[in-house]
Amino acid sequence: MMDQNMDPQKQENLLVYFNFLREERKIESHLEKSLDNTIYFCVYSDKDFFTVLQWLGLVGAFFNFGKATEVDDIHDFMYEITITDYGLDLGKILKKASELGLDVSKYLK
């Protein structure tokens, strides 16, 4: 099976998308990018996990996930999601959002 990894620009676009949605929807999560151009997304509730699955579906994402238990003193479990690529051209969408006045640069955390 061929290993699919997104290019760095697609990775940055997806980070902007997820950071915007996490802020708007108040999702308790952890999001980070890796050197191999994948994105790791961790959420701490079933409700947030299903919300993130919907977001992944909207962009046509290729991903894997698992559930870890007893992860820390605060959370009983977390879902770990590894996103390797996606099909939607977020670059065009983010450009249009920027033209309409959204400061997308603040979501490049």
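The radius of gyration used here is taken over C-alpha atoms, and the rule for a globule is 2.2 Å times the number of residues to the power 0.38. The model is predicted: local features need pLDDT of at least 70, side-chain atom pairs count only at pLDDT 80 or more, and totals for chains, interfaces and linings use all residues. Residues are numbered from 1 along each chain as its sequence is written, and side-chain values use heavy atoms, with hydrogens and water left out.

**Figure 1. The whole chain.** A compact globule of 109 residues would have a radius of gyration near 13 Å, and the 14 Å of the chain agrees with this. Along the principal axes, the C-alpha atoms fill a box of roughly 45 × 35 × 25 Å. The chain has three helices and four strands; here helices (H or I, at least four residues) and strands (E, at least two) are DSSP runs, numbered from the N terminus. Read from the N terminus on, the order of the elements is α-β-β-α-β-β-α. Buried residues, those under 20% relative accessible area, are set apart from exposed ones, over 50%, and partly exposed ones in between (1.4 Å probe, protein chains only). By this rule 41% of the 109 residues count as buried. Contact means heavy atoms within 4.5 Å. Among contacts between residues at least 6 apart in sequence, 57% join residues at least 24 apart.

**Figure 2. Strand β4 and its partners.** Strand β4 spans residues 77-86, and eight of its ten residues are buried. Two strands pair if DSSP finds at least two bridges between them. Strand β2 (residues 39-43) pairs with β4 in the antiparallel sense over five bridges, and in one of these pairings Phe41 has Ile81 of β4 as its bridge partner. Strand β3 (residues 61-69) also runs antiparallel to β4, joined to it by nine bridges. Lys67 stands opposite Tyr79 in β4.

**Figure 3. The nonpolar core around Phe18.** A nonpolar core is a set of buried Ala, Val, Leu, Ile, Met, Phe, Trp, Tyr and Cys residues joined through side-chain atoms within 4.5 Å. The largest such core has 23 residues, of which Leu14, Tyr17, Phe18, Phe41, Trp55 and Ile83 touch the most other members. At least two residues of this core come from each of α1, β2, α2 and β4. Leaving out residues up to four places away in sequence, Phe18 touches Leu31, Phe41, Trp55, Leu56 and Ile83.

Figure 4. Helix α3 covers residues 90-99, and its residues Leu90, Leu94 and Ala97 are buried. Seen down the axis of α3, the buried residues fall within an arc of 60° (taken from the directions from the helix axis to the C-beta atoms), so they line one face of the helix. Among the elements that cover them are α1 (8-25), α2 (46-59) and β4. Lys92, Lys95 and Glu99, on the other side of α3, are exposed. At the N-terminal end, Asp89 caps the helix, with a side-chain oxygen 3.2 Å from the backbone nitrogen of Gly91. Gly101 follows α3 and has a positive phi, near 105°.

**Figure 5. Gln11 in helix α1.** Gln11 is found in helix α1 and is buried, with a relative accessible area of 3%. A polar atom of the Gln11 side chain lies 2.9 Å from the backbone oxygen of Thr38. Not counting residues up to four places away in sequence, Gln11 touches Met6, Lys33, Ser34, Asn37, Thr38 and Ile39.

**Figure 6. Val59 in helix α2.** Val59 belongs to helix α2 and counts as buried at 2% relative accessibility. Apart from neighbours within four places in sequence, Val59 is in contact with Leu14, Tyr17, Tyr86, Gly87, Leu88 and Leu90. Tyr79 is 20 residues from Val59 in sequence and 19 Å away in space, C-alpha to C-alpha.

**Figure 7. Two loop residues with positive phi.** Most residues other than glycine have a negative phi. Lys26, in the loop between α1 and β1 (29-33), has a positive phi near 55°. Lys26 counts as exposed, at 69% relative accessibility. Asn37 lies in the loop between β1 and β2, and Asn37 has a positive phi of about 65° although it is not a glycine.

Terms used
A polar contact is a pair of N or O atoms within 3.5 Å; within protein, one must be able to donate a hydrogen and the other to accept it, and residues adjacent in sequence count only if both atoms are side-chain atoms.
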